[in-house]
Amino acid sequence: MATLLLPCDGSPSALLAVRHAVDEFQRGDAQRVHLLNVQPPFSHYVARHVGRQVRAEFQRERADEELAEARRLLDQAGMPYVAHREVGDKAQCIAEAARRLRCDRVLIGTARKSALVRAVEHSLTNQLLDCCTVPVEVIGGPPAGIIERIGIPAGVGAGVALVWASAS
């Protein structure tokens, strides 16, 4: 029986991974879940002008909002879990939490994107595959929409062509 780390930001993709974990629990394949929300740190400029307590309270509120639906799904399934909140780089916090909490796997949901978009962006999924010391199981969401499959790659291609033309 596995202990899973479920990074969750409340997005439909993240909730897809939560539902997958619930299915594993109901089949008897998962025993425990660590639910993790990672909030980005404030910029140095903001940190200079906003007190530490105010920043911490804001990040705590955001994390609780983002974890609410995942908690509801896990509670409804009767699945034991521990919720964690961290502040920092998402990939590094997730990888460190997986190691520290002795998780067997990281279960992450992702939106399906075109190969060009995946090559151009450095997604959280790609970062986790690079830095995580435990297996990362990726649960794919529905296929990318027509805008992402055609529009974004065309926009990237046009941008590259413009840069190339201006450099000539």
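In this predicted model, the largest nonpolar core has 20 residues, and Leu6, Cys8 and Val18 are the ones that touch the most other members. Strand E1, helix H1 (12-27), strand E2 and helix H3 (52-77) each supply at least two residues of this core. The biggest contribution comes from H1, with 6 residues. Another core, of 16 residues, lies apart from it; among its members are Leu36, Cys103, Ile108 and Cys132.

**Overall layout**

- The chain has 7 helices and 5 strands.
- Read from the N terminus, the elements follow the order β-α-β-α-α-β-α-β-α-α-β-α.
- Of the 168 residues, 36% count as buried.

**Leu6 and its contacts**

- Beyond its neighbours within four places in sequence, Leu6 is in contact with Ala17, Val18, Ala21, Val33, His34, Leu35, Leu36 and Leu107.
- Val18, one of these contacts, is named with Leu6 and Cys8 among the core members that touch the most others.
- Leu36, also in contact with Leu6, is listed in the core of 16 residues.
- As a general point, nonpolar side chains tend to be buried together in soluble globular proteins.

**Ser13 in helix H1**

- Ser13 is a residue of helix H1.
- Ser13 counts as buried because its relative accessibility is 19%, and the cut-off for buried is under 20%.
- Leaving aside neighbours within four places in sequence, the contacts of Ser13 are Gly109, Thr110 and Ala111.

- Helix H4 covers residues 90-100, and its buried residues are Ala91, Cys93, Ile94, Ala95, Ala97 and Ala98.
- An α-helix has 3.6 residues a turn, so residues three or four places apart point the same way.
- Just after H4, Arg102 has a positive phi of about 55 degrees.

Methods
Residues numbered from 1 in each chain as written. Predicted model: local features only at pLDDT ≥ 70, side-chain atom pairs only at ≥ 80, totals over all residues. Heavy atoms only, no water. Buried < 20%, exposed > 50% of the residue type's maximum accessible area, 1.4 Å probe, protein only. Helix = DSSP H or I, 4+ residues; strand = E, 2+ residues; numbered from the N terminus. Core = buried A, V, L, I, M, F, W, Y, C linked by side-chain atoms within 4.5 Å. Contact = heavy atoms within 4.5 Å.
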